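Dear colleague,

Here is the structure I said I would pass on. My notes on it follow below.

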Amino acid sequence: MTIEKRPNATADKNAPTQAPDRAPIVSPGTGPKLPGPPGVPGTERFRLLAYVKQESMVRVDKRPDETLLTWPHLLRAEFLMAMLISGLLVVTSLWIQAPLEEMANPAVTPHVAKAPWYFLGLQEILSYFNATVAGVVVPTFYLVGLAAIPFIDRTPFKAARDRKLMWVFFLCLMLGGLFVTLIGSFFRGPGWNWVWPWEGLFFNL
Amino acid sequence: MNAVMRFIKESALWRSLFRQPYPNTSRTRALAVMNNVFLHLHPVRVKRHAVRYTYTFCLGGISFFLFLSLTVTGLYLMFFYVPSVSRAYQDIQVIEASVAFGTLVRNMHRWAAHLMVLTVFLHMIRVFYHGAYKPPREFNWVVGVILLFLTLMLSFTGYLLPWDQIAFWAITVGTQMALYAPLLGQESSFFLLGGIQVGQETLLRFYVLHVIAFPLIAAIFMIVHFWRIRKDGGISGPV
């Protein structure tokens, strides 16, 4: 397909300068005659009649449809998942009892006092470093570091090989967090001493 | 029977509730999503890959569904619970022993809370894997990190409420770490606990945060989170 220049662009000196991003609109019949016998396939030439920028609300080009209707496709998936999770939750709750020990007593310190499981990584770190590191520096670095990811990794590439640094950083946060959380959960007993899981579990949910 | 059904379906009451027949054409299906306040969270059409279970594993949706389940079960538990050191523990025992479905609802609340912490983390990992934090979605990633923090805070404040030994000592250990903030120091003890150790003031503080403040703040951030998904062009594409 050939796109012809606007015929009067150089001839008409009085015409206002055409900004490159403005659409040149050429009406049929104003340009030079088009070569090629009419009706012979492969010889037709076309002129640009209008250039419509894609920022407009109306989609001009019609691409192969890569979308599905929300009703029923997405809603069916959501409904099935909601039913599955509800069922799972009810069955779990019928089978496994939520823990409840004796009433709180500040005078009786238990053999091992553990934070909720998602903070056991921090409690584990507390046994290596001082409380400022475990209670303030690490959690702040963790959350701010996570939030900063899109502002450090500015490239548009999504494949893992194109953002190795971010993958290493993210995996350090995730696997490091998982590692210390698992140790704090299953390998620590009275006095925060090392205990193998088969020697005794000191873990509450 | 048919006549009865037709009478019902032609009544003004029915038609005011259901403004169109059951959606079974493209047009009525689009209208059903557009005209419903709850469904219009979604666009009328979604990308083909977005519906695949193995693309998202529904982790964000599950997290939101668990939040709703926790709201409903939590509301039920609130009817039977007083945040007082002299009553809280007995209230839990009463819920378990004599409230209708009390044990079931308390268990559901507990397990849904733990599961939600897990699904929020997994959702974040899934989003990272797909590079979905890339422009224009940077802001929504930050909102997501805030929601992760709020989820942890919701779970943590709820952990104290049964007022048993697990709860008391877990919160004592958990807050002691935060008390070493360099600037605040012991001041933050009063701020967090309402005293020098976990007590009545702490229970009331955590209760109010747990049932009103954090759910409300989390809901506001969720609205922003879902809105940004739409504004940033729907769910991200495959890697």
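In chain A, 46% of the contacts with a separation of 6 or more are between residues 24 or more positions apart. Please keep in mind throughout that this is a predicted model.

Chain A has 205 residues, of which 16% count as buried. Its secondary structure consists of 4 helices and 1 strand, in the order β-α-α-α-α from the N terminus.

The contact between the chains draws 58 residues from chain A and 66 residues from chain B. On the chain B side, the elements that give two or more residues are helix H3 (26–34), strand S1 (45–47), H5, H6, H7, helix H8 (138–160) and helix H9 (165–178). By class, that side of chain B has 44 nonpolar, 13 polar and 9 charged residues.

A strand pairing links the two chains: strand S1 (residues 67–69) of chain A pairs with S1(B) in the antiparallel sense, over 3 bridges. Thr67(A) has Lys47(B) in S1(B) as its bridge partner.

**H1(A) against H7(B)**

Helix H1 (residues 70–95) of chain A and helix H7 (residues 102–129) of chain B have axes that come within 8 Å and cross at roughly 115 degrees. The crossing of H1(A) and H7(B) is right-handed. On the H1(A) side the residues are Leu89(A), Val90(A), Thr92(A), Ser93(A) and Leu94(A), and they meet Leu104(B), Asn107(B), Met108(B), Trp111(B) and Ala112(B) in H7(B). This contact of H1(A) with H7(B) has 7 nonpolar, 3 polar and no charged residues.

The length of H7(B) can be checked: at 1.5 Å a residue, its 28 residues should span 40 Å, and the end C-alpha atoms are 40 Å apart, so the two values agree. After H7(B) comes Gly131(B), with a positive phi near 60 degrees.

**H5(B)**

The check on helix H5 (residues 59–78) of chain B also agrees: its 20 residues should span 28 Å at 1.5 Å a residue, and its end C-alpha atoms are 28 Å apart. Buried residues of H5(B) are Gly60(B), Ile62(B), Ser63(B), Phe64(B), Phe65(B), Leu66(B), Phe67(B), Ser69(B), Leu70(B), Thr73(B), Gly74(B) and Leu77(B). The cover over them includes H1 of chain A, and from chain B helix H4 (53–56), helix H6 (88–97), H7 and helix H11 (200–231).

Which of the two, Leu161(B) or Ala100(B), is buried and which is exposed?

Leu161(B) sits in the loop between H8 and H9 of chain B. Leu161(B) counts as buried because it has 21 C-beta neighbours inside 10 Å, where the cut-off is 20 or more. Leaving aside residues up to four places away in sequence, Leu161(B) touches Pro83(B), Ala88(B), Ala167(B), Phe206(B), Tyr207(B) and His210(B). Val143(B) is 18 residues from Leu161(B) in sequence, and their C-alpha atoms are 28 Å apart.

Ala100(B) is in the loop between H6 and H7 of chain B. Ala100(B) counts as exposed because it has 8 C-beta neighbours inside 10 Å, and 12 or fewer is the cut-off for that class. Between Ala100(B) and Trp227(B), which are 127 residues apart along the chain, the C-alpha separation is 38 Å.

Regards

How values were computed
Residues are numbered from 1 along each chain as its sequence is written. Chains are lettered from A and ligands numbered from 1 in the order in which they are written. This is a predicted model: local features need pLDDT of at least 70, side-chain atom pairs count only at pLDDT 80 or more; totals for chains, interfaces and linings use all residues. Axes are lines fitted to C-alpha atoms, for helices over the stretch in contact, and angles run from 0 to 180 degrees between N-to-C directions. A crossing is left-handed if the near helix is turned anticlockwise from the far one by less than a right angle, and right-handed if clockwise. Two residues are in contact if their C-beta atoms, placed from the backbone, lie within 7 Å. Ala, Val, Leu, Ile, Met, Phe, Trp, Tyr, Cys and Pro count as nonpolar, Asp, Glu, Lys and Arg as charged, and the others, Gly among them, as polar. The expected span of a helix is 1.5 Å times one less than its number of residues. Two strands pair if DSSP finds at least two bridges between them.
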